Amino acid sequence: MNTLAKLIRKLYKMKLRLLLLFCFLIVTVNYAQEADTNLKSNQKMLRFNTNNNKEVALRKFANEFKIGKGVSFQLYKTTTDRKGVTHERFQQYFKGIKVENGIAIAHSLNNSIQLINGELYNVLNTNTTPLLNNNAALIKATNFVNATQYLWEDAAQSNILKYSKPQGELIYFSNVETKEAVLAYKFDIYATMPVSRQIIYVDANSGDILFTDPIIKSCNHKEHNYNETNHFSKINNTLVSGTAATRYSGTRTIETTFNGTSYVLRDTTRGNGISTYNCQDTNNYQNVDFTDNDNNWTAAEHNNFFKDDGALDAHWGAEVTYDFWDNIFSRNSFDDEGAEIKSYVHFGNFDNAYWNGVAMTYGDGSSLDILTALDICGHEIGHAVCTHTANLVYQNESGALNEAFSDIWGACIEQYGKTGSLNPPFANAVWTIGEDTGSSLRSMKNPNIFGDPDTYGGTYWYTGAGDNGGVHINSGVLNHWFYIVTEGESGTNNAPSPDTYNVTGIGMIKSSEIAYLAERDYLTPNATYADARAATIEVVNTLYCANSPEAVTVTNAWYAVNVGNQYNAMANDLSINAIQENETIPCEATAFATNIVLKNQGTNSVTTASIQYTVDGGAPNTISWTGNLMSCEEVNVPLTLNGLTRGAHTLTATATIASDGNSANNTRTTTFFINDSGTVNVTNTFSAAADELIVYNDEGTQPWIRTTRTFGSMGTGINTAYMINNTGNYPDLTKTYLVSQCYDLSTLLTPQISFLMKYDLEVNWDIVYVEYTTDFGANWNVLGTMGSNWYNSDRTLASSGGNDCYNCPGAQWTGTNTTNTTYSYSLASLNSETNVIFRIVFHSDEAVNQLGVNIDDFLISGTLSSNSFQNANSIAIYPVPSKGIFTLNFNTATPKKVEVFDLTGKKITSIDTFTTSNETVLNLTAAANGVYFVKIETEQGKTVKRIIKE
């Protein structure tokens, strides 16, 4: 073939690959042979070696971005990986308005936050009232699109696609370059002439177009006219399996439905259904069925002029795609909620296939064959998966990752569908994209042959503005990384400073899981290649180990494509992976037992380790561990702490071995609690050290303190009380708890809580309130509502219009009352509970502080009652009255504890050791004459008996 012929053929192939919408845009680009290889990250990662609840951890993460007053977070998605790590995605808000792309992801193990990563933004101004209304902003958006027709103008088409005219969502638009956000309207604009669907952000004050983010991930210069539709009528259907001679994948079994007269391409066995419809070579979405009379969809019938057998590929491909996500990753359709997968085939005769945000759309092809190949189907539905996971912005590096993940899923789904598994050998052409349509469009094995970079900053790396910053072009880097991780490769890359590498593949089962969990659990909308590297390494370290062969492969594959350094093995590295936490608050405990989890992160085995620990910063104690801890193995080292007193305690443990190469992971800290039972009808004046309660912080460094205060309106004179700071104003960014003893309310009539309080707080922003728990602190509930002798505010963030009260539970004290006032609340709803703990919560925000809160004279009161269990009357006390010696006969009940209280609720004596199983003697000869209550606890229940000493 002569040189001219070769050039013509090459140009023709380039034309074909540029036409296909799902892979390429029709754009003019300039390829850079070399580019700046300085890696950029749009995410931050914050690790924790102390236990924090999510609220505190998120606040600390926000501080990394230097975000000020007014930020809040809302949980919107939770996932868990096979190692038990829980990943919670939080949306950032500012004064109640969403900050677009402001995402923080908290990663927890055993309810302990290990890591938070994400991207957050500072809001430029605090104005939440736009100058433009949504109608004016919509005009700005449509003027920018400049289409001649929009989908909402066609009621029939809008109904099919469940789309309506956008009203505009008021948000803060985040600028990834400046890390700032401005008030904006967000519109989903679906134009039909010419076709485009994109999110458009309009500045709510200036009307400027801030950004566009395509939903249809391409640009098509052909015009489409939506003008007619055939409406689908619901009928009684019978589900059956059929045989389909597909155009590209041979004869396959598909699920269909018999509608009473013929078989149609509708499957109700998967999620909420898979449906494939015929647009009849028009540019209209139509719910017109493909039909077959005997459910044997043969080539003789459907391989026709209209290419109807391509619809069989689309239907089978959607089923395979659903099965891949379900069987490999237990994901229920693209949204993980069983969403119906709709495919519209014969949507014009152009070279086009795309996910439009609702359904698959397949063109019949012009220079290409019908666009229903399996990897195309997997690729496009992969965009829907991305929307419901990382939601990667379709621009620059995040857009390249978006495209590459879809290529990855296209390849995996092709392998899964054509071989039945992800195991090798790999199906023919699995590493090329779209080859069934007549022209391969990309190669994951060798991106360079199609003019795509296989190396970050290397040959063909694109730095221009076209193609949304090279989203289709620069996707070659992640594609090549995935190929190398899966198959392995050795060579020298074409980076500006070339690197030589040799990587051993780990197979598609492992590589696909690592890629999926990175996309689902770690990446946020503006993630870069550096962020993708960090995410995949975090995943592989969690699933395997930091020094596992899988970690070596993942890291060195990134090195092979010039993203980060090669793997650096560490011979000796012992970490404290966790201290098993017990967040409950026990009653009647003086010891704490836990496990220190050691993990060998080095390549050498560990046979001995020294663990030094302290409690509350006291004298260090040392224990030794011996054994044979192999690389990547974990071991639990038990630790029991005895002789502890009531309070919050801090345990800090450090593990050491000889020549440890990484001391950063050697130490962990946890907080635990010791509590005991309180006595009803006895006021705690906090005057003595024995009156101290549990105090601890979620946020800030200043806890409640038991002291006196001698100055200002919050002064206590000589009285000791619990307060927030006794020398001036309370600190900002503080959330601290004052926790009561455990109280048994089951034997009380009309129980009540009361305490003396005065407070001086920034109105709404800073608050104090009371919570209770009946399950030892596993769950807390706000106690009470606003009332005449309780809270003075029921304000919430919503009721304040999103302007203040970010910390308000909707029942709290705020503002100022510097007169000592007794506040009380009925506990009647809790009078069946045997272990109730209360806590008083003080919470201040980021700025503006006042004098604080004083708490004194804490009291749980009530009248002892008879709360019997079945057959309690069989328990006898005699004689009554008595001079002081009483006999208790338990009959068939098994005694556990006996307590005697006077009429004020003061405990006189107790018995918890019994010499016989059914009888004991109660000696009250030293007690004063009068009426007493005997609380009897047995294995069968509790009861209270009234006795008289005379």
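Cys 377 is buried, its relative accessible area being 0%. Cys 412 takes part in no disulfide, and the nearest cysteine sulfur, that of Cys 377, is 14 Å away. Cys 412 also counts as buried, at 0% relative accessibility. Please keep in mind as you read on that this is a predicted model.

## The disulfides

How many disulfides are there? The count comes to three. With bonded cysteines counted along the chain, they follow the pattern 1-3, 2-4, 5-6.

Let us take them in turn. Cys 545 is joined to Cys 632, with an S to S distance of 2.5 Å. The torsion about this S-S bond is about -100°, so the disulfide is left-handed. Cys 545 sits in the loop between helix H12 (529-543) and helix H13 (549-560), while Cys 632 sits in the loop between strand S29 (621-629) and strand S30 (634-641); the pair thus links distant parts of the chain, 87 residues apart. Cys 545 is buried at 0% relative accessible area, whereas Cys 632 is partly exposed at 24%.

Cys 587 is bonded to Cys 742 (S to S 1.8 Å), and a torsion of about -95° makes this disulfide left-handed. The link spans 155 residues, from the loop between strand S26 (574-579) and strand S27 (592-600), where Cys 587 lies, to Cys 742 in strand S36 (residues 734-743). Cys 587 is buried at 17%, and Cys 742 is buried at 2%. The disulfide between Cys 805 and Cys 808 has an S to S distance of 1.9 Å and is left-handed, with -70° about the S-S bond. Cys 805 counts as buried at 1% relative accessibility, and Cys 808 counts as buried at 12%.

## Salt bridges

The structure holds 32 salt bridges. In one of them Lys 186 pairs with Glu 100, the closest N and O atoms being 2.8 Å apart. Lys 186 belongs to strand S9 (residues 180-193) and Glu 100 to strand S4 (residues 97-109), so the pair ties together parts that are 86 residues apart in sequence. Glu 100 is buried, at 6% relative accessibility.

Arg 247 and Asp 369 meet through their side chains in a salt bridge of 3.1 Å, N to O. This pair links distant parts of the chain, 122 residues apart: Arg 247 is in the loop between strand S12 (238-245) and strand S13 (251-258), and Asp 369 is in the loop between strand S21 (360-362) and helix H7 (374-387). Arg 247 is partly exposed, at 26%. Arg 520 and Asp 521 also form a salt bridge, with the closest N and O atoms 2.8 Å apart. Arg 520 is buried at 11%, and Asp 521 is buried at 1%. Elsewhere, salt bridges with shared partners join Lys 98, Glu 100, Glu 169 and Lys 186 into one network.

## Nonpolar cores

Which residues have the most contacts inside the largest nonpolar core? They are Trp 409 and Tyr 529, in a core of 93 residues. Beyond its neighbours within four places in sequence, Tyr 529 contacts residues including Glu 397, Tyr 456, Trp 461, Asn 474 and Trp 558. Another core, of 54 residues, lies apart from it and has Leu 738, Ile 753, Leu 761 and Val 836 among its members.

## An open sheet

Five strands, in the order S34-S35-S42-S37-S40, form an open sheet with antiparallel pairing. Strand S34 (705-707) and strand S40 (816-826) are at the edges with a single partner strand each, so one side of each has no neighbour in the sheet. On average, neighbouring strands are turned by 30° against each other, direction ignored.

Conventions
Residues are numbered from 1 along each chain as its sequence is written. This is a predicted model: local features need pLDDT of at least 70, side-chain atom pairs count only at pLDDT 80 or more; totals for chains, interfaces and linings use all residues. Side-chain values use heavy atoms; hydrogens and water are left out. A nonpolar core is a set of buried Ala, Val, Leu, Ile, Met, Phe, Trp, Tyr and Cys residues joined through side-chain atoms within 4.5 Å. Buried means under 20% relative accessible area, exposed over 50%, partly exposed in between (1.4 Å probe, protein chains only). Contact means heavy atoms within 4.5 Å. A salt bridge is a side-chain nitrogen of Lys or Arg within 4 Å of a carboxyl oxygen of Asp or Glu. Helices (H or I, at least four residues) and strands (E, at least two) are DSSP runs, numbered from the N terminus. Two strands pair if DSSP finds at least two bridges between them. Axes are lines fitted to C-alpha atoms, for helices over the stretch in contact, and angles run from 0 to 180 degrees between N-to-C directions. A disulfide is a pair of cysteine sulfur atoms within 2.5 Å.
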